[in-house]
Amino acid sequence: MDVLAPILFGIVLAAIVASAVFLMLRNRRRDDSYRHDSGPELAELARQRGWTYQAEETGYADRFTGFPFSQTARNRISRDLLHGVVAGREFTCLLYTPTPLTVGERKTYSRYYRVFTVRLAREVPTLQVTPTKKDVRPRGDEDFAATVLNPTLRAAVHARGLPLRFEGDLLLTWYEQKGPFGKSDVDAGLAYLTEVAGLLPADLGRPTVP
């Protein structure tokens, strides 16, 4: 046994190291496959449509308090920011990677979230609406939820399968990006939010830009 002990220890140690290397490489490959340089295409899209494009901005994301935005970090970095007007509504589209990483995630593992916002006609209580298998689940101000969650809006959110959050004077949605991102993705995200905004009470969801 005295002779075998060092051998067994070496085998176990080698297995641990091999597993760690495998996980690191797997996460790195996943990270590389999810990260795409969408900047040139988005910059050109902004030029064509009279929007503005910023490759990177510090602090814009600090105004948000809910997922996917980090809860404690400040001076958070947003990337690929598009600002403009669509259907009479000011909007922003951005790329956000949570930092610090969610508890339990490895440091070599990153998530990329595309976030869309449109400006509402006034500030409102915070309310998050999450699609479920059969309906939607609101979390936040109950009186406000009763005011805005009419059957048509609930059906639209359920059909699209993307969450919503009312925060300040903004309505936002997000999803994890797992592939290329371009013009059609921008249009789809903005179409979803403008559809939902059009289903809100008139004093809240009306266009604010002539």
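Two strands are taken to pair if DSSP finds at least two bridges between them, and strands (E, at least two residues), like helices (H or I, at least four), are DSSP runs numbered from the N terminus. The model is predicted, so that local features need pLDDT of at least 70 and side-chain atom pairs count only at pLDDT 80 or more, whereas totals for chains, interfaces and linings use all residues. Residues are numbered from 1 along each chain as its sequence is written, and side-chain values use heavy atoms, with hydrogens and water left out.

Strand S4 (residues 113-131) pairs with S6 in the antiparallel sense over 11 bridges, and glutamine 128 has arginine 165 in S6 as its bridge partner. Strand S6 (residues 164-176) is largely enclosed by the rest of the structure, because 10 of its 13 residues are buried (under 20% relative accessible area, with exposed over 50% and partly exposed in between, for a 1.4 Å probe and protein chains only).

Helix H2 (residues 39-49) packs with helix H5 (residues 183-198) at an angle of about 60 degrees, their axes lying 10 Å apart, where axes are lines fitted to C-alpha atoms, for helices over the stretch in contact, and angles run from 0 to 180 degrees between N-to-C directions. Glu41, Leu42, Leu45 and Arg49 of H2 and Lys183, Val186 and Asp187 of H5 make the contact (heavy atoms within 4.5 Å).

Threonine 194 is also placed in helix H5, and this residue counts as buried because its relative accessibility is 17%. Apart from neighbours within four places in sequence, threonine 194 is in contact with Val86, Ala87 and Arg89.
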